[in-house]
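Reader: I am new to this structure and would like to learn how to read it. Please take me through a few features in turn.

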Amino acid sequence: MAERWEAGAFKARVDAVLGPFVAEEADRFAEIDPALAPVARELEQAVADGKRLRAAFCYWGWRAAGQPDSDALVRAAAAMELVHAAAVVHDDLVDDSALRHGRPTAHVALRTALRRRPRAVTAARSLAMLVGDLLMSLAGQLFATSGLPAAYLGRARPLWAVLARELIAGECLEILHTGADPDLSTSLKVIRYKTAKYTVEHPLLIGGALAGAGARLTEGYRGYGLPLGEAFQLRDDLLGLFGDPEHTGKANLDDVRGRRPTALLAETWRIAGDEERAELNALLGRRGPDPGALEAVRALMLRLRAPDRVEDMITARVEDATRCLHDLALPAPAAAALTALARSATARHH
């Protein structure tokens, strides 16, 4: 790990931190009262899967600044995955998504614990919201107790406030623009704040701040991180509608049913003529499963070549990110790892 990037080995290191940490916290939570056991289970489920990309970007933000491999840093980086877990629980709740990683989402799974009780669905949603809140709290706890020197942690602490502010702003913007006429600039802003920044840019900046990175390197992280984070979410938009649910673990209908402000929908709307827009309006926002509507939306998008245009956006952003990376003259292991991460984050099937 010190000199050569191995994604699987790094994921195993992060999992070895997250699993025991969250299991211990879940046990302490459940000890308060036996009725809390189902909620505690959802805490553990929330971190059971994942590529650990956010932890990896934090790790290489540290390494690219010239710092050596560090178990304490891996613990701090693992906190990024708890931020992600919290965001996913909240996002699934906001979007009313039923599946994640092929399993029921937290607010769906928790209905089982409330069976035969009045307003079980509402109560389960409330419990899921609190699961997400607790995960975000645990992220701060893991970061603060990582074992890194207090002076290092102090350099990064202000970035946590920025991360939380921008992540929540992005989620709010998605809610505010869901159902409105699609607009590409609006969709790209939602992407930027809801996903791109906390996926790549903020983890890199936090890793760099922990390492004492200078101003030039910090700006380089921004130049690499923001377009790459946007490319990551643009790929997610494509997979959300055209991916195989067996691989993505999510339902294809979610974005269509929710009429979410994705770049794919916005680009389709921008290209579409009046008749095609009328067709889209008739198809979007239908409640309940409607495979026919899904196939019709897909066919319209393909006819207008909107997915190809989003692919072009992804390619352009990855090129911008890697060009910025090459200009930084990083240590060879860091340059190789961040180049590989740019590929794996955007050329994926789930």
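Author: One definition comes before the helices: an axis is a line fitted to C-alpha atoms, for helices over the stretch in contact, and angles run from 0 to 180 degrees between N-to-C directions. Note also that this is a predicted model.

Reader: At what angle do helix H1 and helix H3 pack, and how far apart are their axes?

Author: Two packed helices are described by the angle between their axes and the distance between the axes. Here helix H1 (residues 7-31) and helix H3 (residues 53-63) pack at about 100°, and their axes are 10 Å apart. Angles of 65 to 115 degrees count as roughly perpendicular, so H1 and H3 are roughly perpendicular to each other.

Reader: Which residues make the contact?

Author: H1 contributes Phe10, Arg13 and Val14, while H3 contributes Ala55, Ala56 and Tyr59. Five of the residues in this contact are nonpolar, none is polar and one is charged.

Reader: Which residues touch the most other members of the largest nonpolar core?

Author: In soluble globular proteins, nonpolar side chains tend to be buried together. The largest nonpolar core has 106 residues, and those touching the most other members are Leu82, Ile206, Leu210 and Tyr224. Helix H4 (residues 71-95) supplies the largest share of this core, 15 residues. Beyond its neighbours within four places in sequence, Tyr224 is in contact with residues including Phe57, Val200, Cys324 and Leu341.

Reader: How many disulfides are found?

Author: A disulfide is a covalent bond between the sulfur atoms of two cysteines. A search of the whole structure finds zero. For Cys58, the nearest cysteine sulfur is that of Cys324, 18 Å away.

Reader: Is Cys58 buried or exposed?

Author: Cys58 is buried, at 0% relative accessible area. Cys172, at 38% relative accessibility, counts as partly exposed.

Notes:
Residues are numbered from 1 along each chain as its sequence is written. This is a predicted model: local features need pLDDT of at least 70, side-chain atom pairs count only at pLDDT 80 or more; totals for chains, interfaces and linings use all residues. Side-chain values use heavy atoms; hydrogens and water are left out. Helices (H or I, at least four residues) and strands (E, at least two) are DSSP runs, numbered from the N terminus. Angles under 35 degrees count as roughly parallel, over 145 as roughly antiparallel, 65 to 115 as roughly perpendicular and the rest as oblique. Contact means heavy atoms within 4.5 Å. Ala, Val, Leu, Ile, Met, Phe, Trp, Tyr, Cys and Pro count as nonpolar, Asp, Glu, Lys and Arg as charged, and the others, Gly among them, as polar. A nonpolar core is a set of buried Ala, Val, Leu, Ile, Met, Phe, Trp, Tyr and Cys residues joined through side-chain atoms within 4.5 Å. Buried means under 20% relative accessible area, exposed over 50%, partly exposed in between (1.4 Å probe, protein chains only). A disulfide is a pair of cysteine sulfur atoms within 2.5 Å.
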